[in-house]
Amino acid sequence: MSINGKAYIVGAYEHPTRKADNTSVAQLHAEVAYGALQDAGLSKDDIDGYFCTGAAPGLGPLNMADYLGLTKLKHLDSTDVGGSSYVLHVGHAAEAIALGKCSIALVTLAGRPRAEAMATGTAPRTWGANVPDDPFEMVYGRTVANVYAMCAMRHMHEFGTTSEQLAWIKVAASHHAQWNEHAMLRKVVTVEDVVNSPMVSDPLHRLDCCVISDGGGALIVTTPEIARSLKRPLVKVKGAGEATKNQNAGYTDVTFSGARWSGARAFEEAGVTPTDIQYASIYDSFTITVLMQLEDLGFCEKGQGGKFVSDGNLISGVGKLPFNTDGGGLCNNHPANRGGMTKVIEAVRQLRGEAHPKVQVPGCTLALAHGTGGLLGTRHGSATVVLERV
Amino acid sequence: MATPASNRALPAINVDPTNKPYFDAAREGRLLIGLCKDTGKHFWYPRGCSPFTLSNNVELVEAKGTGTIYTYTVMRTKEPYSVAYVELDEGVRIFTNIVDCDLDSLKIGQKVKVVFKPTQGDSPPATMFTPA
């Protein structure tokens, strides 16, 4: 059984805030849910499936359904694989819809790490009590930045990847962000700007890192019949794949990501190949995240990511693979430290023809959104969806 | 330009019954690694089950305490420190810090040996490495 064609994304909303001082996380969830419903032309009581993660307050769906007044829920899913969760939720929502478990699914994300002055990437943090790997990692000052940096260091060692090549990824994101009035970093930067920015964790500079932002987003996924009854352009879920990658019992290889598996599964279900993709939302917590995922998804050969991203190849209207045309996590928004939601939202915009005119891919009918959640160099989740405008 | 590794304060380690023997050995200056007796393969990190077969037919065995840097980074914080994966001579790659060195001189492939560094209070020491 396949989900190909069994579900459509009919609502997508990104909260415009990037710093949410005078509100709560629950209220941000409410605002993004309302925004996505307005976008779809639906109302709260139409929702019978709800998806969120551990980033939602309390016991996820329990406290959120109460706050949001969701009283018709028949299907719940709070699978939490970090920032990749919301890409994964699209696949899970499509499964639930295909099986008739629900017909209109809401996915929400919100958070306020910036208002809370969280040192997202540079302070050690864990995911809760009783985590079995913590006694073997936290004492070493494990942070988000240093775990991704170790992947970059090894990638450079094995494949000759350079800081200048990684910098091209930020340059491309900044070219897109200049057109996004909500983006945190709208200044177009150069390769020199990136490699001359302060070193955070060798070889990653400050401008190799994503922004820390508040806000969130929401999606509405529904049946083909309901989608056709609404007035929005039709965005079909064509394929989805998910995977986890970890330390492999101590025989870890940090030069590839779970995208190798989640991507292959999504492409197989969709019946398309990487060369068919006209626009790609690629998780961009750091520049190295993008480079490795592009290789692992099959957009280029392993080890050739540096060459692939160079010379503006990811810039819309310039290169072969326009990516993250909203400016991505690198320049626009990384709400709640979880970028999967905005990856799906920008892919939907592209397929609807609603991206900014300066970055809209002409005639975009096939797009991919991919997320990596958790820590690239220790253990992470990977989720990929292929979406089609019909 | 040299960047000496800082002697930052190390937090306590949360020991549980499944990893206590590992940390007890660390207090004695010995580095242990997991051995799956079903397959004869070493594993990391120490745990109560085999990550190859899921059985509890596992034991801890002493490692030589030498290896090479598989990958590393230097956190350019106020107290700079190096996070690394060290590949032990036994084959497993372990998450650690490289200490007592010039952080700017580190290289992938560099030979290192184990050292144990005190953590807070009665907590066991942390297993770290220094250039051999």
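This is a tour of a predicted model, one selection at a time.

Residues are numbered from 1 along each chain as its sequence is written, chains are lettered from A and ligands numbered from 1 in the order in which they are written. Local features need pLDDT of at least 70 and side-chain atom pairs count only at pLDDT 80 or more, while totals for chains, interfaces and linings use all residues.

**Chain A as a whole**

The C-alpha trace spans about 55 × 45 × 40 Å along its principal axes. The radius of gyration, taken over C-alpha atoms, is compared with a globule rule of 2.2 Å times the number of residues to the power 0.38. Chain A has 19 Å, close to the 21 Å that the rule gives for 390 residues, so it is as compact as a globular protein of that length.

Of the 390 residues in chain A, 61% are buried. Buried means that 20 or more other C-beta atoms lie within 10 Å of the residue's own; exposed means 12 or fewer, partly exposed is in between, and C-beta atoms are placed from the backbone.

**The sheet**

Next, color the strands of chain A. Nine of them form an open sheet with mixed pairing, in the order E3-E2-E4-E7-E1-E8-E11-E10-E9. Strands pair if DSSP finds at least two bridges between them. At the edges are E3 (75-77) and E9 (279-282), each pairing on one side only.

Zoom in on E2 (residues 49-51) and E4 (residues 104-111) of chain A, which run parallel and are joined by 3 bridges. Here Tyr50(A) stands opposite Leu106(A) in E4(A).

**Helix H9**

Select residues 287-297 of chain A. This is H9, which lies across E9, E10 (366-375) and E11 (379-389), running at about 125° to E10(A). Axes are lines fitted to C-alpha atoms, for helices over the stretch in contact, and angles run from 0 to 180 degrees between N-to-C directions. In H9(A), 11 of the 11 residues are buried, so the helix is largely enclosed by the rest of the structure. Just after H9(A) comes Gly298(A), with a positive phi of about 95°.

**Asn337 and helix H12**

Move to Asn337(A), in the loop between H11 (328-332) and H12 (340-352) of chain A. Is Asn337(A) buried or exposed? Asn337(A) counts as buried, because it has 22 C-beta neighbours inside 10 Å. Leaving aside residues up to four places away in sequence, Asn337(A) touches Gly83(A), Gly111(A), Pro113(A) and Thr120(A). Contact here means C-beta atoms, placed from the backbone, within 7 Å.

Continue into H12(A). Its 13 residues reach 19 Å from first C-alpha to last, close to the 18 Å expected at 1.5 Å a residue, where the expected span is 1.5 Å times one less than the number of residues. H12(A) is mostly covered, with 12 of its 13 residues buried. Gly353(A) follows H12(A) and has a positive phi, near 75°.

**The side facing chain B**

Finally, show both chains. In all, 28 residues of chain A are in contact with 33 residues of chain B. On the chain A side, H4 (144-159) and E5 (199-201) each supply at least two residues. The largest share of that side, 6 residues, comes from H4(A).

Technical notes:
Contact = placed C-beta atoms within 7 Å. Helix = DSSP H or I, 4+ residues; strand = E, 2+ residues; numbered from the N terminus.
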